[in-house]
Each structure stands twice: as structure tokens, then as C-alpha cells.
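Subject: Structure handover

Hello,

Here is the structure we spoke about, with notes on what turned up in it. Please look through it before reading on.

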Amino acid sequence: SFGIIQNAGATLAGVVVAIDRQEKGRDSDRSAIQEIEQDYGVPVVAVVTLAHIVEYLRGKGADHAAMVHAMEDYRRQYGV
């Protein structure tokens, strides 16, 4: 995408993602979002994060406990 923007003669000003899954990037010391911000020198803004979703589901009660547990397992394995 960055190359397409540059080839069109435009300048990337920032990136908006719908969901920040808060995952490790290729370099496990940084998140994927941090890698983009540092590699391209632009801000990255998320509409919602995995933490927001988990918090919301916790507030919805026991009906969502299995989903919350699965998301927390995912975060432990892949998250920063």
C-alpha cells in the first residue's frame, strides 16, 4: 500500500486500522503497530483494540466467558 501511495505521487500521512489485535510484529520486541509507525514514520490509529473488546465482553456477563477466555489465550500467545 505504501508503494502504491508513493507511486501516485502522494504522501502517506497516517494509517487507520479497524481493530488493533495488539500482536507482536516480526520483531518480537515491538508490536505490529509500532513497527509500522517506526518503519514508515506515520501514526497508526485503531478504532478499537483487542483489550477494548475483551473489556466490553467481560461487562456483558458469563454468557461471553468462553469467548473472553479464548481471546485472552490468543493475547498470551501472540500479544505484546
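R30 is buried, at 19% relative accessibility, since it falls under the 20% cut-off. Keep in mind that this is a predicted model.

In total, the structure holds four salt bridges.

Another of them joins the side chains of E23 and R21, at 3.0 Å from N to O. E23 has a relative accessible area of 19% and is therefore buried, whereas R21 is partly exposed at 47%.

A further salt bridge links D73 and R76, with 2.4 Å between the closest N and O atoms. Both residues sit in helix α4, which covers residues 65-78, and they are three residues apart, about one turn of the helix. D73 counts as partly exposed at 32% relative accessibility. R76 is exposed, because its relative accessible area of 57% is over the 50% cut-off.

As background, side chains of opposite charge can pair when their charged atoms come close.

The other item is V48, which lies in strand β2, residues 44-49. With a relative accessible area of 24%, V48 is partly exposed. Which residues does V48 touch, leaving aside those up to four places away in sequence? They are A18, I19, D20 and I53. Q34 is 14 residues from V48 in sequence, and their C-alpha atoms are 16 Å apart in space.

Regards

Technical notes: Residues numbered from 1 in each chain as written. Predicted model: local features only at pLDDT ≥ 70, side-chain atom pairs only at ≥ 80, totals over all residues. Heavy atoms only, no water. Helix = DSSP H or I, 4+ residues; strand = E, 2+ residues; numbered from the N terminus. Buried < 20%, exposed > 50% of the residue type's maximum accessible area, 1.4 Å probe, protein only. Contact = heavy atoms within 4.5 Å.
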